[in-house]
Amino acid sequence: MIAALNEVEVITLFVDDLQKSIRFYKDVFGLETLYNDDDCEVMKLGGLAINVLKFANATTLVEPAAVAKPGSGSQMIFTIKVKDANSVCAELAAHGVSLINGPVDRPWGRRTAAFADPDGNVWEIAQDI
């Protein structure tokens with residue numbers, strides 16, 4: 001067991017119609033915005049954040065894996081906050097887990113790395129930098 005993998009922080013949903021999805025989460029869940037730009041909106045859901053992200057911008061999070069087209073498979077990535085992305089990546093490798101990408105410093109102030117479960121569901125670790 002890797003002790004650092006115990007805090008889900010963000011659920012990212014890849015969406016076709018950003019504005020429609022934002023309206024849904026605000027209207028149905030009553031979520032408030034934490035961050036937004038032209039490509040995404042991050043909203044507070046209890047102790048989690050929901051990030052609705054345009055499909056076109058999802059590829060950089062999961063590449064070289066492919067982003068599923070609407071209705072064709074998983075359309076989300078689960079993010080776990082960690083204190084040290086590099087050390088967690090080393091622990092993942094020690095457990096035989098291959099990284100899909102990373103660790104990489106992102107322009108939004110996070111150091112991230114992605115890996116998949118046996119069914120291809122993508123998990124991301126993210127460190128504040």
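User: How do you know how far to trust the coordinates?

Analyst: This is a predicted model. The chain averages a pLDDT of 89, and 95% of the residues score at least 70. Where pLDDT is low, the predicted coordinates should not be read in detail.

User: Which strand has the lowest confidence, and which the highest?

Analyst: Strand E5, residues 76–81, is lowest at a mean of 87. Strand E2, residues 32–36, is highest at 96.

User: What makes up the secondary structure of the chain?

Analyst: Three helices and eight strands. From the N terminus, the elements run β-α-β-β-β-α-β-α-β-β-β.

User: What is the order of the strands in the sheet?

Analyst: The order is E2-E3-E4-E1-E5-E8-E7-E6. All eight strands belong to this open sheet, and the pairing is mixed.

User: Why are E2 and E6 said to stand at the edges?

Analyst: Each of them has a single partner strand, so one side of each is left without a neighbour in the sheet. Neighbouring strands are turned by 20° against each other on average, direction ignored.

User: What makes E7 and E8 a pair?

Analyst: Two strands pair if at least two bridges are found between them. E7 (residues 110–116) and E8 (residues 122–128) are joined by seven bridges, so they pair by this rule. They run antiparallel. Threonine 112, for one, has alanine 126 in E8 as its bridge partner.

User: How do you know that E2 and E3 pair, and in which sense?

Analyst: The cut-off of at least two bridges applies again. E2 and E3 have four bridges, so they count as paired, in the antiparallel sense. Three residues lie between them in a hairpin. Glutamate 32 stands opposite lysine 44 in E3.

User: How many bridges link E3 and E4?

Analyst: Six, again in the antiparallel sense. Lysine 44 has alanine 49 of E4 opposite to it. E3 and E4 form a hairpin with two residues between the strands. In that hairpin, glycine 46 takes a positive phi near 60°.

User: Which strands does helix H1 lie across?

Analyst: Helix H1, residues 18–29, lies across E1, E2, E3 and E4. The helix runs at about 15° to E3.

User: Where does helix H3 lie?

Analyst: Helix H3, residues 85–94, lies across E6, E7 and E8. The angle to E8 is about 150°.

User: Why is valine 52 called buried?

Analyst: Buried means under 20% relative accessible area. Valine 52 has 0%, so the label holds. This residue lies in strand E4.

User: What does valine 52 touch?

Analyst: Leaving aside residues up to four places away in sequence, valine 52 touches several residues, among them Leu13, Val15, Leu18, Ile22, Tyr25 and Met43. The C-alpha atoms of valine 52 and isoleucine 11 are separated by 8.5 Å, though these residues are 41 apart along the chain.

User: Why does leucine 13 count as buried?

Analyst: The cut-off is under 20%. Leucine 13 has 11% relative accessibility, so leucine 13 counts as buried. Leucine 13 lies in strand E1. Its C-alpha atom is separated by 8.9 Å from that of phenylalanine 78, 65 residues apart along the chain.

User: How much of the chain is buried?

Analyst: Buried residues make up 38% of the 129 residues. The accessible surface comes to about 7,300 Å², of which 53% belongs to carbon and sulfur atoms.

Definitions and conventions:
Residues are numbered from 1 along each chain as its sequence is written. This is a predicted model: local features need pLDDT of at least 70, side-chain atom pairs count only at pLDDT 80 or more; totals for chains, interfaces and linings use all residues. Side-chain values use heavy atoms; hydrogens and water are left out. pLDDT is the predictor's confidence in each residue, from 0 to 100. Axes are lines fitted to C-alpha atoms, for helices over the stretch in contact, and angles run from 0 to 180 degrees between N-to-C directions. Contact means heavy atoms within 4.5 Å. Buried means under 20% relative accessible area, exposed over 50%, partly exposed in between (1.4 Å probe, protein chains only). Accessible areas come from the Shrake-Rupley method with a 1.4 Å probe; for residues, only the protein chains shown count as cover.
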